[in-house]
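This report describes one protein model for a reader who has not seen it before. Please look over the sequence and the structure shown here before reading on.

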Amino acid sequence: MFNVVLIEPEIPWNTGNIGRTCLGAGAELHLVGRLGFHLDNQQVQRAGLDYWEKVKLHRHESWEAFLESLPPQAELYFFSTKGRKSFWDVHYPAGAYLIFGKETAGFPKKFYETYKDKLYHIPQEDESIRSLNLSTSAGIVLYEALRQNRKNSGTGG
């Protein structure tokens, strides 16, 4: 089981798509801080289709509240265009928390210093785009984590 964490997501259909992806992958979705929409928003529900009600959703009012909810030794991985290491260079243990910033601003500034050793990027061939879509990025990282764990469990890859 993996955990996808969104810090202050702003676009409802991205969150809906990520929720649907989490459900398909057996992952849990954590929403942290101020949301740019209401969870009962039709766009969230439309993107999540009729699956939204089945998503294992956790709501945390702040980053601090999220951290307090974590089990001891929780593995945290942060994804940003500002990460120096590639997400391909990580081994994702089962139960890891895959953390993404908001669409327009990424993470709060203090994160870039506090978590600099846990900050990764998704390589892009064409550097003329600023970043990939949030729901695309979450899907890429989550399924890489699943692939690694499936291979490590001896069930193929």
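## Confidence

The mean pLDDT of the protein is 89, and 89% of its residues reach 70 or more. The model is a predicted one. Residues 153–157 are a stretch where pLDDT stays under 50. For residues 153–157 the model has five contacts beyond four places in sequence.

## Overall fold

The protein contains five helices and seven strands. Along the sequence they follow the pattern β-α-β-α-β-α-β-β-β-α-β-α. Among contacts between residues at least 6 apart in sequence, 74% join residues at least 24 apart.

Of the 157 residues in the protein, 44% are buried. The protein exposes about 8,900 Å², and carbon and sulfur atoms supply 49% of that area.

## Thr 15 in helix α1

Thr 15 belongs to helix α1, which covers residues 12–25. Its relative accessibility is 0%, so Thr 15 counts as buried; the cut-off for buried is under 20%.

Which residues is Thr 15 in contact with, leaving aside its neighbours within four places in sequence? They are Leu 6, Pro 9, Leu 29, Leu 31, Phe 37 and Trp 52.

## Aromatic pairs

The structure holds 17 aromatic pairs. One of them joins Trp 63 and Phe 111, with 4.8 Å from centre to centre and 55 degrees between the planes. This pair is tilted. Trp 63 lies in helix α3 (residues 63–69) and Phe 111 in helix α4 (residues 109–114), so the pair ties together parts that are 48 residues apart in sequence. Trp 63 and Phe 111 are both buried.

Phe 111 also pairs with Tyr 115. The ring centres of Phe 111 and Tyr 115 are 5.4 Å apart and their planes are at 65 degrees, so this pair is edge-to-face; planes over 60 degrees apart count as such. Phe 111 counts as buried because its relative accessibility is 3%. Tyr 115, at 14% relative accessibility, counts as buried too.

Which residues do ring pairs link into a cluster? The cluster consists of Trp 63, Phe 66, Phe 78, Tyr 97, Phe 107, Phe 111, Tyr 112 and Tyr 115. Trp 63, Phe 111 and Tyr 115, described above, are among these residues.

Tyr 112, another of the residues in the cluster, has Lys 82 over the face of its ring. Lys 82 is at 4.6 Å from the ring centre of Tyr 112.

Definitions and conventions:
Residues numbered from 1 in each chain as written. Predicted model: local features only at pLDDT ≥ 70, side-chain atom pairs only at ≥ 80, totals over all residues. Heavy atoms only, no water. Helix = DSSP H or I, 4+ residues; strand = E, 2+ residues; numbered from the N terminus. Buried < 20%, exposed > 50% of the residue type's maximum accessible area, 1.4 Å probe, protein only. Contact = heavy atoms within 4.5 Å. Areas by Shrake-Rupley, 256 points an atom, 1.4 Å probe, with all protein chains shown as cover. pLDDT = per-residue confidence, 0-100. Phe/Tyr/Trp six-rings, centres within 6.5 Å; stacked < 30°, edge-to-face > 60°. Lys NZ or Arg CZ within 6 Å of the ring centre and 35° of its normal.
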